[in-house]
Amino acid sequence: MSFRTRLQAFVESRQKIQIWYGMGCHNTVTGRVLSVDHDHIDIESYSHENDGQIHVRRILVPLHLVLHIDITSSEIGDEDELTSIGDRQENKSSATLLPIIDLPETPKGYGVRVLSQLNASGANHFSRLTLGPGGIYFACDGSIWFIEQGGQLIEYARIRGNNTIASLRFDSRGTLYVATIQGTIYHIDPSKSGRVLAQLDGRLTGGGTFLADLALGPQEELYVSNFPGNAGGIFKVQIDGEYDVLLSGSQQGTQGLLVDQENFLWGLEHATGMAVKHSLNGRELARVVVAPPEAFNFADGFDGNLAMDSLGRLYVTAGRAGNVMRVNREGRSEIFLSGLVNPTGITFGLDGALFVLEAGRSRVLRVTALDKADRTASATALS
């Protein structure tokens, strides 16, 4: 069921809902949906004014600004509900995590929370997302940010000069490796002392230099994809900075990379929309169709991000389509999340939750499988 179809059901049922919307700040409106068009939701909203009367207003909410929707209980009367709106808003503004929400096309049995609402000025500048010491990290232009448990942001490190970070990964000791689209690989130790590990020449893989992603191997080696369009390939970088070309020429524009638990290298081919499985020496072992090529963004390399759960299922961002795809071990692909705006990062946390960086709405989402006994309470691990 599409997001608009779901909203149309609210029109027909006259059920009250509360919509949270905005970029950079949160606004709320509670009422009934009168109509839905391609761009807006028309809400009939009720509020108490200073004169003691209930006032009715018509509010148009832009669809692209909708953050989430709460379904109001039908057992609550108009007046009781109206007098509690302020209390609910106050509680939500002070909460460390927003309540479980109904995102467009949230899969049945899963809950989604907004872990952090990011600065809207950085919309579509956010690249990859990764798990690191203490939690989740992401990149925006030349800066690396850490998300605290309550959703607050701390700048962890910044790359000097006019560089754009393409990808970042931590190793088990807390050392951070950063790749920029310009071809530089940085090594940043836990004390935040950084140095250049390697300067990669994209011409060696075919095309120019536009690094897209990096993955860590079992011997502390790095695998780095170069995506100057539907050319390029994959570099292998040793711990001492020496590097060579693992794959080149025939690669159909590799974007995201992942080394799985069994030490196989996965890459997302943009031109085919396939996830390709390789041995660490570059031999192709298998390939599965994730989505049509037009589902992935071509203008930058921040798409086709890969994550894998403990059951061996592959999760892939398809930014142009606004989806997160899931591929099971038998190679069957399905839409796991949809209705997103340019998801550019994806990773699993230590607790098995899936984190998604939704660049177009400047936020990080946390996805968990819900406990069937109580779908409004705490959730179990996804992975």
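Trainee: What share of the contacts in the protein with a separation of 6 or more comes from residues 24 or more positions apart?

Mentor: This is a predicted model, in which local features need pLDDT of at least 70, side-chain atom pairs count only at pLDDT 80 or more, and totals for chains, interfaces and linings use all residues. Residues are numbered from 1 along each chain as its sequence is written, and side-chain values use heavy atoms, with hydrogens and water left out. A contact means heavy atoms within 4.5 Å. Of the contacts with a separation of 6 or more, residues 24 or more positions apart account for 46%.

Trainee: Which residues have the most contacts inside the largest nonpolar core?

Mentor: A nonpolar core is a set of buried Ala, Val, Leu, Ile, Met, Phe, Trp, Tyr and Cys residues joined through side-chain atoms within 4.5 Å. The elements (DSSP runs: helices H or I of at least four residues, strands E of at least two, numbered from the N terminus) that give two or more residues to this core are α1, β1, β2, β3, β4 and β5. The core has 17 residues, and those with the most contacts inside it are I19, V33, I41 and V61.

Trainee: Is G217 buried or exposed?

Mentor: G217 is in the loop between β15 and β16, and beyond four places in sequence it is in contact with Y223 and V259. Buried means under 20% relative accessible area, exposed over 50% and partly exposed in between, with a 1.4 Å probe and protein chains only. Because its relative accessible area is 14%, G217 is buried.

Trainee: Which strand gives the largest share of the lining of the largest cavity?

Mentor: A cavity is a set of points on a 1 Å grid over the protein atoms alone where a 1.4 Å probe fits but cannot get out, and lining residues have an atom within 4 Å of a point. The largest cavity has a volume of about 40 Å³, volume being the space filled by probe spheres set on points joined across faces, edges and corners. β7 and β11 each supply at least two residues of its lining. The largest share, three residues, comes from β11.

Notes: 1 Å grid on protein atoms, 1.4 Å probe; cavity = no way out; pocket = protein on both sides within 12 Å on 5 of 7 lines; lining within 4 Å.
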